[in-house]
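Reader: I am new to this structure. Please show me how to read its features, one at a time.

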Amino acid sequence: MARLNTALAAQGAEFLVLGRLLIEGIEAYKAYVNHPGYDLVAVHPDTHRSARLSVKSRYASDFDGGFPL
C-alpha cells in the first residue's frame, strides 16, 4: 500500500487555523520556510508580544464523511 501524501492537508490545516484566528480578530501571520519549528505567529496588538504556533493535523481513522470545525 502506498504511503499517503499529507503535505497538502497539512498546509490546508495551517491556513484553516490562520483564518479562524483572523476571524476572531487576532493578528496572525503564516511563518514560511524561514521559520522552522513553527507554522503561525500571533501578535498582541497592544503589547506587541508574539506567540509562535505549531499546527498539527491528521486523517481520522473513523472518517464518516463529516467535516467538523
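Author: Start with the surface. This is a predicted model. Phe15, Tyr32 and Val33 form a nonpolar patch on the surface, and together they have about 380 Å² of accessible area.

Reader: Where does valine 33 lie?

Author: Valine 33 sits in the loop between β1 and β2.

Reader: Is valine 33 buried or exposed?

Author: The general idea is a cut-off: a residue counts as exposed when its relative accessible area is over 50%. Valine 33 has 78% relative accessibility, so it counts as exposed.

Reader: What is the order of the elements along the protein chain?

Author: The protein chain has 1 helix and 3 strands. Read from the N terminus, the order is α-β-β-β.

Reader: How do I read the pairing of β1 and β2?

Author: Look at the direction of the strands and at the bridges between them. Strand β1, residues 27-30, runs antiparallel to β2, and 4 bridges join them. As an example, tyrosine 29 has valine 41 in β2 as its bridge partner.

Reader: How many bridges pair β2 with β3?

Author: β2 pairs with strand β3, residues 50-53, in the antiparallel sense over 4 bridges.

Reader: What lies between β2 and β3?

Author: These two strands form a hairpin with 6 residues between them. In the turn, histidine 48 has a positive phi of about 60 degrees.

Reader: Are the faces of strand β2 covered or open?

Author: To read a strand, check the residues on each side of it. Strand β2 covers residues 40-43, and both of its faces are covered. Leu40 and Ala42 are buried on one side, and Val41 and Val43 are buried on the other.

Reader: Which residues make up the largest nonpolar core?

Author: The general idea is that in soluble globular proteins, nonpolar side chains tend to be buried together. Here the largest nonpolar core has 6 residues: Ala13, Leu18, Leu21, Ala28, Leu40 and Val55. α1 gives the largest share of this core, 3 residues.

Reader: What does valine 55 contact?

Author: Leaving aside neighbours within four places in sequence, valine 55 is in contact with Ala13, Glu14, Val17, Asp39 and Leu40.

Reader: Is glutamate 14 buried or exposed?

Author: A residue is buried when its relative accessible area is under 20%. Glutamate 14 has 8%, so it is buried. This residue is found in helix α1, residues 7-23. Not counting residues up to four places away in sequence, glutamate 14 touches Lys30, Asp39, Leu40 and Val55.

Reader: How far apart are leucine 53 and aspartate 39?

Author: Sequence and space give two separate answers. Leucine 53 and aspartate 39 are 14 residues apart in sequence, and their C-alpha atoms are 5.8 Å apart in space.

Notes
Residues are numbered from 1 along each chain as its sequence is written. This is a predicted model: local features need pLDDT of at least 70, side-chain atom pairs count only at pLDDT 80 or more; totals for chains, interfaces and linings use all residues. Side-chain values use heavy atoms; hydrogens and water are left out. Buried means under 20% relative accessible area, exposed over 50%, partly exposed in between (1.4 Å probe, protein chains only). Two strands pair if DSSP finds at least two bridges between them. Contact means heavy atoms within 4.5 Å. Patches are made of residues with over 30% relative accessible area and no salt bridge: like charges are joined within 9 Å, nonpolar side chains (Val, Leu, Ile, Met, Phe, Trp, Tyr) within 5 Å. Accessible areas come from the Shrake-Rupley method with a 1.4 Å probe; for residues, only the protein chains shown count as cover. A salt bridge is a side-chain nitrogen of Lys or Arg within 4 Å of a carboxyl oxygen of Asp or Glu. A nonpolar core is a set of buried Ala, Val, Leu, Ile, Met, Phe, Trp, Tyr and Cys residues joined through side-chain atoms within 4.5 Å.
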